[in-house]
Amino acid sequence: MLDVLGFAPALERAELVITGEGSLDEQTLHGKAPAGVAAAARAAGKEVVAVCGRLALPAQALGGPGFGGRIR
């Protein structure tokens, strides 16, 4: 899906990547779009922030896929 949306060229121009999901949980870490976005951005050296309605992951689980910033 990222290829279809032209994510790679947009990522090159980005200074910060913001992604989101209703619930950031264990399913997120196993192939859902926000984890894919975070992994690609991390590989490109970009900071990633996730916005979610519900956070069901411990802080230490967020660094693996590349989510950064503070948890609020």
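**Labels and their grounds**

L11 touches V17, A40, A41, A44 and K46, leaving aside residues up to four places away in sequence; a contact means heavy atoms within 4.5 Å. This is a predicted model, in which local features need pLDDT of at least 70, side-chain atom pairs count only at pLDDT 80 or more, and totals for chains, interfaces and linings use all residues. Residues are numbered from 1 along each chain as its sequence is written, and side-chain values use heavy atoms, with hydrogens and water left out.

Q: Why is T28 called buried?
A: Buried means under 20% relative accessible area, exposed over 50%, and partly exposed in between (1.4 Å probe, protein chains only). T28 has 0% relative accessibility, so T28 counts as buried. Its place is in the loop between β1 and α2, and T28 touches E21, S23, P34, A35 and F67, not counting residues up to four places away in sequence.

Q: What makes K32 and E21 a salt bridge?
A: The rule asks for a side-chain nitrogen of Lys or Arg within 4 Å of a carboxyl oxygen of Asp or Glu. The K32 and E21 side chains meet at 2.7 Å, N to O, and the count by this rule comes to 1 salt bridge. K32 lies in the loop between β1 and α2 and E21 in strand β1, 11 residues apart.

Q: Which accessibility labels do K32 and E21 get, and why?
A: K32 has a relative accessible area of 31%, so K32 is partly exposed. E21 has 15% and is therefore buried.

Q: What makes β1 and β2 a pair of strands?
A: Two strands pair if DSSP finds at least two bridges between them. Here 8 bridges join β1 (residues 16–24) to β2 (residues 47–55), and the two run parallel. In one of these pairings, I18 has V49 of β2 as its bridge partner. Helices (H or I, at least four residues) and strands (E, at least two) are DSSP runs, numbered from the N terminus.

Q: How do you know that the buried residues of α2 are on the same side?
A: In α2, P34, A35, V37, A38 and A41 are buried. They cover an arc of only 160° around the axis, which puts them on the same side of α2; the arc is that of the directions from the helix axis to the C-beta atoms. A33 and A43 are exposed on the other side of α2. The buried residues of α2 pack against α1, β1 and β2.
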